[in-house]
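The sequence and structure are shown first.

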Amino acid sequence: MPRSPSVTLFGTALLALAALAVHAEGSAVSVSDAYARAIPPGQPNSAVFLTLNNPSGQPRALVAAASPVADAVELHTHIEEGGMMRMRRVERIEIPAGATVNLKPGGLHVMLIGLKENLQPGGQVDLTLTFDDGAQTQIQAPVRKVEAMSIHR
Ligand SMILES: [Cu+2]
């Protein structure tokens with residue numbers, strides 16, 4: 001059994017977990033189930049979906065997002081206009097006290113505009129989320145295939 005490599009891997013995993021824990025302390029809001037939508041090569045935009053949970057007694061809001069993979073990152077929602085679902089930029093995504101808010105295809109999402117690299121399944125997107133209290137949380141969203149149908153539901 002090659003012991004030292006697995007010990008090293010274990011140590012690295014612990015360090016990664018510790019790093020995540022430190023970031024999580026930055027905000028009362030926890031972020032989970034993040035994933036980025038895989039796109040065919042050549043398409044300029046994509047989106048990240050995730051779950052926000054605010055266990056505190058204070059309302060919070062997601063006010064900004066940033067990622068090294070895109071020229072610009074915006075907070076978006078979908079609205080119905082004349083029977084068509086259109087994306088609309090929003091200034092903030094409210095997370096009421098004690099509430100869970102799901103960003104999902106066809107609804108709220110983090111928009112990646114002007115991709116600098118292809119988002120292929122198996123890849124990862126680094127994302128920094130900024131909340132209205134100034135706290136920042138860094139996450140890694142795995143790239144996944146999302147059925148096109150669900151985007152317009
Ligand atoms: Cu969008």
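Read along the sequence, the elements of the protein follow the pattern α-β-β-β-β-β-β-β-β-β-β-α, with 2 helices and 10 strands. Helices (H or I, at least four residues) and strands (E, at least two) are DSSP runs, numbered from the N terminus. The model is predicted, so that local features need pLDDT of at least 70 and side-chain atom pairs count only at pLDDT 80 or more, while totals for chains, interfaces and linings use all residues. Residues are numbered from 1 along each chain as its sequence is written, and side-chain values use heavy atoms, with hydrogens and water left out.

Of the 153 residues in the protein, 37% are buried. Here buried means under 20% relative accessible area, exposed over 50%, and partly exposed in between (1.4 Å probe, protein chains only). Among the contacts with a separation of 6 or more, 67% are between residues 24 or more positions apart; a contact means heavy atoms within 4.5 Å.

**Copper site**

The copper ion is coordinated by His76 (ND1), Met87 (SD), His109 (NE2) and Met111 (SD), at 2.1 to 2.2 Å. Donors are N, O and S atoms within 2.8 Å of the metal (3.2 Å for Na, K and Ca); water is not among the atoms, so sites may look incomplete. The arrangement is tetrahedral because the 4 donor atoms subtend angles of 93 to 121 degrees around the copper ion, and four donors count as tetrahedral if all angles lie between 85 and 135 degrees. Along the sequence, the spacing of the donor residues is H-x10-M-x21-H-x1-M. Met87 in strand β5 (residues 84-89) and His109 in strand β8 (residues 109-115) are 22 residues apart, and this pair links distant parts of the chain.

| Residue | Relative accessibility | Class |
|---|---|---|
| Met87 | 41% | partly exposed |
| His109 | 2% | buried |
| Ala141 | 0% | buried |

**Surroundings of Ala141**

Ala141 lies in strand β10 (residues 136-144). Leaving aside residues up to four places away in sequence, Ala141 touches Ala34, Tyr35, Ala36, Val48, Gly123, Gln124 and Val125. Val125 is 16 residues from Ala141 in sequence, with a C-alpha to C-alpha distance of 5.0 Å.

Methods
Four donors count as tetrahedral if all angles lie between 85 and 135 degrees; four count as square planar and six as octahedral if opposite donors are over 155 degrees apart and all others between 65 and 115; anything else is irregular.
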